[in-house]
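Subject: Structure for you to look at

Hello,

Here is the structure I said I would pass on. Please open it first, then read the notes below it.

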Amino acid sequence: STIDSPVQLCNGNTNDDDEICLDHSTMKEYISMIKNGSMLYLKYEDEDPFKKYVQSEIGDKVLKYLRGALRASPLRENGKYSTAYDDMVFNEYNWAFWLGGNGTSTSMHYDQDSLNFLWVVEGRKRIVIIPNDERTHGTYSCNSNFNGHSCWTGVDILTGPLPQYAAEIELGPGDGIMIPQMDWHAVQNLEPTIAFGLRHNIPKNIRS
């Protein structure tokens, strides 16, 4: 069953990148760990090999629901969710799942995906977003860089005063946000939280 599926856990209390996760457990054991205050973070993203254990049960349902919801949302009306995505193939690479306890976080980075949507199912998330444009040019640099994917600064923007030009957003159950392509951002769970994501890239030759 899904509750007994093996999971790979990341450090949810670091300013470094989260591309390497080494702690192994089962979903059942991890839920108990969260109840006891664990700062480990479960993340199914991209081509995570552990994603295969839940893909057959929830993967297609997540893709169908999120794509349908975005097509019917104001994000379609205001051009943030392009009609180009309707004809694109989405597979197990394009959805993500996060489960983490109070205080766990994803450190400051940007993603290169043209589509980067985050949706909270249960719990609360705090997001700090900083524009990556002429206003912040030269302020931040890549400490870890995964070509064609993401860039991680190693800078803590979740504690202390907000940096210049930063926006702070809090999401609760049923809330979602489209994170602008290449914008710097960090995410923190304010309580035990379950969330899904949808990501893709419109080919450059068909971008408007």
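I began with the overall size. A compact globule of 208 residues would have a radius of gyration near 17 Å, and the chain has 17 Å, so the two agree. Keep in mind that this is a predicted model. Along its principal axes, the C-alpha trace spans about 45 × 40 × 30 Å.

The chain holds three helices and 13 strands. Of its 208 residues, 50% count as buried. Among contacts with a separation of 6 or more, 82% are between residues 24 or more positions apart.

The largest nonpolar core has 30 residues, and Leu 42 and Phe 117 have the most contacts inside it. Several elements each supply at least two residues of this core, including strand E1 (6-11), helix H1 (27-35), strand E3 (40-44) and strand E6 (115-122). H2 gives the largest share, five residues.

Which residues does Leu 42 touch, leaving aside its neighbours within four places in sequence? Its contacts are Val 7, Gln 8, Leu 9, Met 27, Tyr 30, Phe 97, Trp 98 and Leu 99.

Another core, of twelve residues, lies apart from the largest one; Leu 118, Val 120, Ile 177 and Ala 195 are among its members.

Two residues are worth a look for their backbone angles. Most residues other than glycine have a negative phi. Tyr 165, however, has a positive phi, near 70°. Tyr 165 sits in the loop between strand E9 (150-152) and strand E10 (167-171). Its relative accessible area is 40%, so Tyr 165 is partly exposed.

Met 182 also is not a glycine and has a positive phi, about 75°. Met 182 is found in the loop between strand E11 (176-178) and strand E12 (184-189). Met 182 counts as partly exposed because its relative accessibility is 28%.

Last, Asn 201 lies in the segment after E13. With 28% relative accessibility, Asn 201 is counted as partly exposed. Asn 201 and Tyr 53 are 148 residues apart along the chain, and their C-alpha atoms are separated by 25 Å.

Regards

Definitions and conventions:
Residues are numbered from 1 along each chain as its sequence is written. This is a predicted model: local features need pLDDT of at least 70, side-chain atom pairs count only at pLDDT 80 or more; totals for chains, interfaces and linings use all residues. Side-chain values use heavy atoms; hydrogens and water are left out. Helices (H or I, at least four residues) and strands (E, at least two) are DSSP runs, numbered from the N terminus. The radius of gyration is taken over C-alpha atoms; the globule rule is 2.2 Å times the number of residues to the power 0.38. Buried means under 20% relative accessible area, exposed over 50%, partly exposed in between (1.4 Å probe, protein chains only). Contact means heavy atoms within 4.5 Å. A nonpolar core is a set of buried Ala, Val, Leu, Ile, Met, Phe, Trp, Tyr and Cys residues joined through side-chain atoms within 4.5 Å.
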